[in-house]
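Here is a short briefing to read with the model open beside you. Take the topics in any order you like.

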Amino acid sequence: MARPPGLSARMKFTLSYAGIVVVAGAVLIGLAWWDLLRYVPDNDQGLLFTSPNRYLLSRIFGRAAAIAMVFLVAFGLVGGWILAGRMLSPLDKIADAARLAAKGSLSHRIRLPGKADEFRELSDVFDTMLEKLESHVGEQRRFAANASHELRTPLAISQSLLDVARQDPSLVDAELLDRLHTASRRAIDLTEALLLLSRGERGVFTRASVDLSLVAEEAAETLLPLAERRGIELEVTGEPATTTGSAELLLRMVTNLVQNAIVHNLPTGGRVTVHTEPQHRACVVRIENTGRRLPADLVPTLTEPFQRGGERVRDDDHAGVGLGLAIVHSIVRAHDGALDIVPRPEGGLRVTIRLPSP
């Protein structure tokens, strides 16, 4: 943004320092002059009938005061310029780092040495901002690359099937149409998931009062056929827990969690429990499921887009797009909540969501 030219901060500090020195010197000289001359009589004989008198003393002291004032002005300007440069040097480093960041370089850090002061605090805050920004940009780049990869697969399959059908229409049968439908359905599901994830990240939705216990019951009712088909026991318990947010997004949040809990479960005899309760000015939703034991280092990556736990049970009934928990995390953050995922000692996961009460 273009701005009109003006004095630099260093010049302003220099003039301020010089002004303080000159004013302080002028006050001291004025007090000394007044205190000295008031005891000298204004006559030809001077003090005790000896010279000098007030007139001569004024001329002598005035010349010395003028020289002192010139010296103070020069000293204030030179000293102020040097001191201002030393004081503002950390800002130069921060400005250089900001210019590099503006050009796209986010890997550098300022790391000002010395004890904590305002400039060190500003530097540390800027370094923290760069670190988070670099992490966010890297995450977005990985997300874009993974999204492109995930979308390219079903689109490539669809293109291949269409090429086969175009070359030999007689080969078009129910199996080919089913495969084409499956590939198209996966591309559509992935696109919808990406749009929902973007909506949650932007936090653009209408807020209203939502009872999470009713949301949990609705999600469980929708997924009950899937649970019965897999032989999973699905149970919803708890008390009414009211929060403020988007009923649609909160329903998708709970539905994704329950769906993941059903799919990533034991082959037979599995169990999923959904519990809601008000707790310490917050409302809590807790989803637990049985399943195999997950390594501790895998759990923190589950909320990253397109990250899937290895060796988990999957089939064509629920192919998934790798965005389930990423969408949940996005919706929780958009509602100013907290998401906690921990592996159960006996296997499976315990997912706890805390949302603020109205």
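This is a predicted model: local features need pLDDT of at least 70, side-chain atom pairs count only at pLDDT 80 or more; totals for chains, interfaces and linings use all residues.

Residues are numbered from 1 along each chain as its sequence is written, and side-chain values use heavy atoms, with hydrogens and water left out.

**Confidence**
- The protein averages a pLDDT of 80, and 77% of the residues score at least 70.
- Confidence is lowest in helix H4 (residues 174–202), at a mean of 67, and highest in strand S4 (residues 270–278), at 95.
- Helices (H or I, at least four residues) and strands (E, at least two) are DSSP runs, numbered from the N terminus.

**Helix H5 with helix H6**
- H5 (residues 212–230) and H6 (residues 247–263) pack at an angle of about 30 degrees, with their axes 9 Å apart.
- Axes here are lines fitted to C-alpha atoms, for helices over the stretch in contact, and angles run from 0 to 180 degrees between N-to-C directions.
- The two helices are therefore roughly parallel to each other, a label for angles under 35 degrees.
- Residues making this contact include Leu-212, Val-215 and Leu-223 of H5, and Leu-250, Val-254 and Ile-262 of H6.

**Helix H6 with helix H7**
- The axes of H6 and H7 (residues 324–334) come within 9 Å and cross at roughly 145 degrees.
- Among the residues that meet are Leu-249, Met-253 and Leu-257 in H6, and Leu-325, Ile-327 and Val-328 in H7.

**Salt bridges**
- The whole structure has nine salt bridges, each a side-chain nitrogen of Lys or Arg within 4 Å of a carboxyl oxygen of Asp or Glu.
- One of them joins Arg-271 and Glu-233, whose closest N and O atoms are 2.8 Å apart.
- This pair links distant parts of the chain, with Arg-271 in strand S4 and Glu-233 in strand S2 (residues 232–238), 38 residues apart.

Note on methods. Angles under 35 degrees count as roughly parallel, over 145 as roughly antiparallel, 65 to 115 as roughly perpendicular and the rest as oblique. Contact means heavy atoms within 4.5 Å. pLDDT is the predictor's confidence in each residue, from 0 to 100.
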